[in-house]
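Here are my notes on the model, as numbered points. Please read them with the sequence and the structure open side by side.

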Amino acid sequence: MNKIAIIGATGMLGQPVTNEFINADFEVSILVRNVEKAKQLFGTSVQIFKGDLSDINSIKQFINGQNQLYLNLSVEPDSSKNDFQSERDGLENILEAIKNSSVKKIAYLSSLVHFYQGQNNFNWWVFDIKKKAVEKIKSSGMAYSIFYPSMFMECFDKGAYRQGNNIMLAGTSRYKMFLIAGNDYGKQVVNALLLNSGNQEYVIQGQEGYIADDAAKFYADNYHKSKVKIMKMPISIMKFFGMFTNKFNYGANIVDALNNYPEKFEAEKTWQDLGKPQTQFINYIKNSL
């Protein structure tokens, strides 16, 4: 049986990836801080290890006997640059822990929009962390698969854009994002690790391109479980409030990048190697009702 160790399994994007590994009959082990949440999500389908990325020993115990490791790490919106960051400090601990271990390959969730760093004088410490995380993995000596996803459909349902029954927008989105569902991405991750074809980097995009404003309207028009309202503010207001709170600062920067990153379709190789995403946005919305 194929084995996979996953860090970040209980997050919004970690859950569909973990479920796809389970569906593909992998022996799945996950490292979590909240064991009860993990049990509620996955039951007995996974082996659960309690640990924290600040503790190298718990990481070493977790990866003992594993040969592939999937990382779903992120920067918390309300954190600051000098806080413990899983994609910087945690990753350093992970890479130290897997030295001389049985792990032979790392799969890592990055982002497509972080390539906006340096364009139009945009400079954000979060994207700097993401850029350096990729560099650390590439220079680690481990085989790797790195994924650069566009926007996930989940972000309009329970993620970045959704706040209660409101979809929050700011500024004006200028370029299409090729939305992909988490389960389609999960299938591609599984296929990438089944290929076992050495070092790979994949752009992750779905079939349909929307600017954020149009995607929000399409979601609101087709979601009927409750009334969803679109709330929009000038990005200057977000940036002003961002001077006082980390969460607003994070929101202002990520929205600025998403609005202005000139995304283009680049997923041909991904589809050829890992399969074409099947979920259309309208079907994702209907299934979320």
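1. Surface. The accessible surface of the protein chain is about 13,700 Å². Carbon and sulfur atoms hold 47% of that surface. Areas come from the Shrake-Rupley method with a 1.4 Å probe, and for residues only the protein chains shown count as cover.

2. Ground rules. This is a predicted model: local features need pLDDT of at least 70, side-chain atom pairs count only at pLDDT 80 or more, and totals for chains, interfaces and linings use all residues. Residues are numbered from 1 along each chain as its sequence is written, and side-chain values use heavy atoms, with hydrogens and water left out.

3. Overall build. The protein chain has 11 helices and 12 strands. Both are DSSP runs, numbered from the N terminus: helices are H or I with at least four residues, strands are E with at least two. The radius of gyration is 19 Å, close to the 19 Å that the globule rule gives for 289 residues, so the chain is as compact as a globular protein of that length. That radius is taken over C-alpha atoms, and the rule is 2.2 Å times the number of residues to the power 0.38. Along its principal axes, the C-alpha trace spans about 50 × 40 × 40 Å.

4. Buried residues make up 51% of the 289 residues. Buried means under 20% relative accessible area, exposed means over 50%, and partly exposed is in between (1.4 Å probe, protein chains only). Contact means heavy atoms within 4.5 Å. Among contacts between residues at least 6 apart in sequence, 76% join residues at least 24 apart.

5. Charge. There are 32 positive and 28 negative side chains. The centres of the two sets lie 2 Å apart. Lys and Arg count as positive, Asp and Glu as negative; His and the chain ends are not counted. The charge is placed at NZ of Lys, CZ of Arg, CG of Asp or CD of Glu.

6. The core. Which residues touch the most other members of the largest nonpolar core? They are F21, Y70, F147, F156, Y161, Y185 and F281, out of 92 residues. Helix α9 (residues 246-260) gives the largest share of this core, six residues. A nonpolar core here is a set of buried Ala, Val, Leu, Ile, Met, Phe, Trp, Tyr and Cys residues joined through side-chain atoms within 4.5 Å. Leaving out residues up to four places away in sequence, F281 touches M153, F156, L179, E208, Y210, A215, F218 and Y219.

7. V17. This residue sits in helix α1. V17 counts as buried, at 0% relative accessibility. Beyond four places in sequence, V17 is in contact with Y70, Y185, G186 and V189. V17 and D184 are 167 residues apart in sequence, yet 8.7 Å apart in space, C-alpha to C-alpha.

8. A107. Strand β5 holds A107. A107 is buried, with a relative accessible area of 1%. Its contacts, neighbours within four places aside, are L69, Y70, L71, S145, F147 and L193. V75 is 32 residues from A107 in sequence and 18 Å away in space, C-alpha to C-alpha.

9. T10 lies in the loop between β1 (3-7) and α1. At 18% relative accessible area, T10 is buried. Its contacts, leaving aside neighbours within four places, are Q15, V32, K37, A38, L41 and F42. N67 is in the loop between α3 (56-63) and β4 (68-71). N67 is partly exposed, at 35%. With residues up to four places away not counted, N67 touches K3, S102, V103, K104 and K105. N67 and I4 are 63 residues apart in sequence and 7.2 Å apart in space, C-alpha to C-alpha.

10. Backbone points to check. Most residues other than glycine have a negative phi. D25 has a positive phi of about 65 degrees. D25 lies in the loop between α1 (14-23) and β2 (27-32), and is exposed at 55% relative accessibility. N121 has a positive phi too, near 60 degrees. N121 lies in the loop between β5 (105-109) and α5 (125-138). N121 is exposed, with a relative accessible area of 79%.
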